[in-house]
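Biologist: Could you show me the model before we talk about how its parts are arranged?

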Amino acid sequence: MQKNIIISTPSHKLTLNCHFDFVERDKFEINKELFFNLCKSGCVNFDQNYSCPPFSPHFNSYVGKEKHFFVLLLKINLNQFKDYTYMDHHKLRIGNAVIKPRIEKIMRALELSFGPKLAGKFLGTGACRLCKPCQRKVNKKCRYPDKLRFSLESLGVDCNKLCLKLFKFPLLWYKEKKAPLYTSVIAAIPLNNINNKSEIIKLTKKELNKVL
Ligand code: SF4
């Protein structure tokens with residue numbers, strides 16, 4: 001399922017492609033060790049944010065027995081900046097700055113509107129951004145442990161494979177100083193049941209319509 005929305009930033013009017021679908025747990029490919037090592041060797045947040053490895057648990061222990069998930073992906077085509085003189089890394093930075101806070105806001109809203117009887121804590125994207133800096137950096141306790149949400153990748157989920165399986169396109173990355181055609185973020189929410197898919201889709205579309 002897909003819905004396109006137009007959002008406005010101080011400098012741009014942009015189209016966001018929102019893809020969403022239901023997926024069963026066995027469609028998630030988990031490789032905690034691989035993603036732990038990738039984080040350790042290549043990410044500045046490793047051991048610097050309580051939502052990231054080595055603090056993030058394994059997907060299986062975190063989500064418990066949930067069998068169903070609702071997945072949302074936001075994608076922004078970077079060709080929308082073709083008439084600007086931005087460097088490629090700048091285009092990617094703007095794209096990510098548009099989609100990352102928005103998916104977080106939408107997922108928090110969906111968690112609330114689905115309610116605890118239907119849904120668990122959402123699995124987000126990237127490191128927790130609730131405090132600046134994360135209290136891990138200053139050797140203090142997490143300030144908002146109830147609000148902290150782990151990313152799919154920090155739990156060991158192969159997000160590229162999930163995206164390919166569900167939406168039939170890959171995640172793309174910045175390579176050799178070239179911006180990809182698009183940038184995307186993916187998140188999921190565990191569901192106790194999928195008896196009322198149409199209501200879940202209706203609530204999702206309602207939240208997407210609120211995105212500015
Ligand atoms: S809530 Fe704050 S202290 Fe806790 S993980 Fe998030 S950024 Fe770090």
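What follows is a short exchange of questions and answers.

Modeller: This is a predicted model, in which local features need pLDDT of at least 70 and side-chain atom pairs count only at pLDDT 80 or more, whereas totals for chains, interfaces and linings use all residues. Residues are numbered from 1 along each chain as its sequence is written.

Biologist: Which strands stand at the edges of the sheet?
Modeller: The open sheet has 4 strands in the order S1-S2-S3-S4 with antiparallel pairing, where strands are DSSP runs of E of at least two residues and helices are runs of H or I of at least four, numbered from the N terminus, and two strands pair if DSSP finds at least two bridges between them. One side of each edge strand is left without a neighbour in the sheet, because each has a single partner strand, and these two are S1 (2-8) and S4 (182-191).

Biologist: In S2, which residue is the bridge partner of glutamine 2?
Modeller: S1 and S2 (residues 13-24) pair in the antiparallel sense over 7 bridges, and the two strands form a hairpin with 4 residues between them. Within S2, isoleucine 5 has leucine 16 as its bridge partner, while the partner of glutamine 2 is histidine 19.

Biologist: At about what angle to S4 does helix H3 run?
Modeller: Angles run from 0 to 180 degrees between N-to-C directions, with axes as lines fitted to C-alpha atoms, for helices over the stretch in contact, and two residues are in contact if their C-beta atoms, placed from the backbone, lie within 7 Å. Helix H3 (residues 88-114) lies across S1, S2, S3 (68-77) and S4, and its angle to S4 is about 15 degrees.

Biologist: How many residues of S1 are buried?
Modeller: S1 has 7 residues and is hardly covered. The count of buried residues in S1 is 0.

Note on methods:
Buried ≥ 20, exposed ≤ 12 C-beta atoms within 10 Å, placed from the backbone.
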